[in-house]
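Dear colleague,

I am handing over the structure that we spoke about, and I have placed it just below.

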Amino acid sequence: MSFQYGGQAVIEGVMMRGPDHRAVAVRRPDATIVIDEKPVGSLTRRFAFLKLPFVRGVVMLFESLMMGLEALAFSAEQAAGEEPEEKISKWEMFLTIAFSLGLAILLFIVIPTALTYYTAAAIQDNFIRNLVEGAIRLLIFLGYVAGVARLPDIRRVFMYHGAEHKVINAYEAGGRLTVEEVQKFSTLHPRCGTSFLLIVILIKVVIFSGVTASGLFGQIFFRILLLPVVAGVAYELLKLSGKYQDRGLCRIFIAPGLWLQKLTTREPDDSQVEVAIKAFKAVRKEGDINVS
């Protein structure tokens, strides 16, 4: 397979991304499934240098965030049984992205850096200090996921997340895309965004260890400045782990990410798997033979 399909869970549905299109399939309150399909445009097709390793990861992350927010907005409208009168504006999209990034920076950079700065000041070794900071960052992430997982609506999103993974796993194994067959596959997948976040946390320990800055605000500033570097490296490692997931050393590397996915996925019911299958079939590449 030259193209690696992917997607994300949305409200009462799944978004899948193919080589040329993305599709959002949502279960409406009347039990019907509505599909919104759109062509995928990427800056990497216009500017060749953006396809370079470590650069493409930053572009893909930003484009995936934009696509994901648009899919979430559509799914929220459809799941509520509403017909959208107007699409989300670019200004609203910008504000949503800005808020999301701001919250992520606060939770996973500002707070861990500040806690480490004040509690581990006696530690002279920069690598050990960053290990402490990475542990704090991981605990915050686990606490955040465990907290939101208690919400009924989020639990259903996690079930659709599991359905998305089952479909991708079935496709990549050459299985038939029927509800019965797809349900036999795992809800865990090595290219999951959850695994990406864990890789980011680990990569930060290494990269930030090579950066020294005086004062708390200086450390926070350089951590924010290096975010594109972290994202680029983490993306390449995620793709590499997905490509060689069956190799011995790679299986050890991806194991923690798969364990973490047990917090962000749940076993889906048949109706949710049906939605995920419809989303995938809407974007499958022409000529695929294992998507009956």
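Is Phe-54 buried, partly exposed or exposed? Phe-54 counts as partly exposed, because its relative accessible area is 49%, and the class runs between buried, under 20% relative accessible area, and exposed, over 50%, with a 1.4 Å probe and protein chains only.

Before going further, please keep in mind that this is a predicted model, in which local features need pLDDT of at least 70 and side-chain atom pairs count only at pLDDT 80 or more, while totals for chains, interfaces and linings use all residues. Residues are numbered from 1 along each chain as its sequence is written, and side-chain values use heavy atoms, with hydrogens and water left out.

The chain as a whole

The secondary structure of the chain comes to 11 helices and 4 strands, where helices (H or I, at least four residues) and strands (E, at least two) are DSSP runs numbered from the N terminus. The chain has a radius of gyration of 20 Å, close to the 19 Å that the globule rule gives for 292 residues, so it is as compact as a globular protein of that length; the radius is taken over C-alpha atoms, and the rule is 2.2 Å times the number of residues to the power 0.38. The C-alpha trace spans about 60 × 50 × 45 Å along its principal axes.

Of the 292 residues in the chain, 42% are buried. If we take contacts (heavy atoms within 4.5 Å) between residues at least 6 apart in sequence, 69% of them join residues at least 24 apart. There are 32 positive and 28 negative side chains, and the centres of the two sets lie 7 Å apart; here Lys and Arg count as positive and Asp and Glu as negative, with His and the chain ends not counted, and each charge is placed at NZ of Lys, CZ of Arg, CG of Asp or CD of Glu.

Spans taken from a record

An unreviewed UniProt entry lists residues 94–115, 135–151, 194–214 and 220–238 under "transmembrane region", although such annotations may be inferred rather than shown by experiment. In the model, residues 135–151 are 82% helix and 0% strand, with end C-alpha atoms 25 Å apart. Residues 194–214 are 76% helix and 0% strand, and there the end C-alpha atoms lie 32 Å apart.

Residues in loops

Phe-54 sits in the loop between α1 (43–46) and α2, and it has a positive phi of about 75° although it is not a glycine. Glu-12, in the loop between β1 (6–10) and β2 (13–17), also has a positive phi, near 55°. As background, most residues other than glycine have a negative phi.

Ala-120 lies in the loop between α3 (90–119) and α4 (126–148), and it is buried, with a relative accessible area of 5%. Leaving aside neighbours within four places in sequence, Ala-120 is in contact with Leu-115 and Arg-129, while its C-alpha atom is 7.9 Å from that of Val-132, a residue 12 places away in sequence.

Ser-186 is placed in the loop between α6 (179–182) and α7 (193–209), and it is partly exposed at 36% relative accessibility. With neighbours within four places again left aside, Ser-186 is in contact with His-165, Lys-166 and Asn-169. Glu-267 is 81 residues from Ser-186 in sequence, yet the two are 8.8 Å apart in space, C-alpha to C-alpha.

Residues in helices

Ser-64 belongs to helix α2 (residues 56–79) and is partly exposed at 33% relative accessibility. Leu-197 belongs to helix α7 and is partly exposed at 39%. Leu-197 and Ser-64 are 133 residues apart in sequence and 14 Å apart in space, C-alpha to C-alpha, whereas 21 Å separates the C-alpha atoms of Ser-64 and Met-159, which are 95 residues apart along the chain.
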